[in-house]
Amino acid sequence: MKTKLLLLITLMMVTTAVMGQTRRKRVVGNVQQSGQVQQPAQQQPVQQQQPVQQQPVQQQPVQQQPVQQQQPKAADRSVDEKFAQVLKRAEQGDVDAIRTAAVSFLRAKNLKDAYYWYEIGATKGDPHCLYMMGFAYEGNEVVAADPVKSFTCFKQAAEKGNPTCQAQVAYRYFYGDGVEQDYSQAAYWFEKAIAQGSENDPEDLASYQEMLAKAKKRAELKAKLKK
């Protein structure tokens, strides 16, 4: 009985050992069928991209096209030629040309040249140039104020019959502007200006008449005070 029991135990141990080997073989077979154990993938080192070298942009110099000057039109050339002739005559002392040159420069707003020629015309006694210089010597952008010269120009033009200048002389005598105050002379020149009635603006004429009355009264009063 004991012998049988021992044989049975031995048989069971052998069977268990055989089954364990069989299981191990199955596991190994399965692993072999599924493939070898995957080795971890080796990461390739990331190659750093070299910075792209930008080529310097060479700017080509801009070639400026020469500006083509427009040729003056025939009419413009004609005007320029005529004005050149006027200037030539003005330089030779022609009073009419001097006045024309002055007026042309003034219209072109070239005050420096305009008053250059007006002054020359005034020295030659041209009434219009004397009139313009009379106002110019009150002071402007290019002519310094000079009350005495202003009065002198107006006086010369007034003596040539310019009614506006006659009134300007009268005002200056009345107020003593650029000349010694003289109410009698003021009244005299206001009368001269008023006498050319149609040559005066109606409003100016009314002002001259009012000033004439004042000048006469003050002249009479001054005469009485002298006695």
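Me: Is Glu 159 buried or exposed?

Reply: This is a predicted model. In the model, Glu 159 is exposed, because its relative accessible area is 54% and the cut-off for exposed is over 50%.

Me: Which residue does Glu 159 form a salt bridge with?

Reply: Its partner is Lys 155, and the closest N and O atoms of the two are 3.9 Å apart. The cut-off here is within 4 Å.

Me: Where do Glu 159 and Lys 155 lie?

Reply: Both lie in helix 6, which covers residues 147-159. They are four residues apart, about one turn of the helix.

Me: Why can side chains pair like that at all?

Reply: Side chains of opposite charge can pair when their charged atoms come close.

Me: How many salt bridges are there by this rule?

Reply: The count comes to six. One of them joins Asp 126 to Arg 99, with the closest N and O atoms 2.8 Å apart. That pair links distant parts of the chain, 27 residues apart. Asp 126 sits in the loop between helix 4 (111-123) and helix 5 (127-136), while Arg 99 is in helix 3 (residues 95-107).

Me: Is Asp 126 buried or exposed?

Reply: Asp 126 counts as buried, because its relative accessibility is 5% and buried means under 20%. Arg 99 is partly exposed, with a relative accessible area of 25%.

Me: Which residues are linked with Asp 126 in a network of salt bridges?

Reply: Asp 96 and Arg 99 are linked with Asp 126 in that network.

Me: And what does Glu 191 form a salt bridge with?

Reply: Glu 191 pairs with Lys 216, and their closest N and O atoms are 3.2 Å apart. This pair also links distant parts of the chain: Glu 191 is in helix 8 (residues 183-195) and Lys 216 in helix 9 (residues 202-226), 25 residues apart. Glu 191 counts as partly exposed at 36% relative accessibility, and Lys 216 counts as partly exposed at 37%.

Me: Change of topic. How many helices and strands are in the chain?

Reply: There are nine helices and zero strands.

Me: How much of the chain counts as buried?

Reply: Of its 227 residues, 24% count as buried. The chain exposes about 18100 Å², and carbon and sulfur atoms supply 52% of that area.

Me: What about contacts between residues 24 or more positions apart?

Reply: They account for 41% of the chain's contacts with a separation of 6 or more.

Notes:
Residues numbered from 1 in each chain as written. Predicted model: local features only at pLDDT ≥ 70, side-chain atom pairs only at ≥ 80, totals over all residues. Heavy atoms only, no water. Helix = DSSP H or I, 4+ residues; strand = E, 2+ residues; numbered from the N terminus. Buried < 20%, exposed > 50% of the residue type's maximum accessible area, 1.4 Å probe, protein only. Contact = heavy atoms within 4.5 Å. Areas by Shrake-Rupley, 256 points an atom, 1.4 Å probe, with all protein chains shown as cover. Salt bridge = Lys/Arg side-chain N within 4 Å of Asp/Glu carboxyl O.
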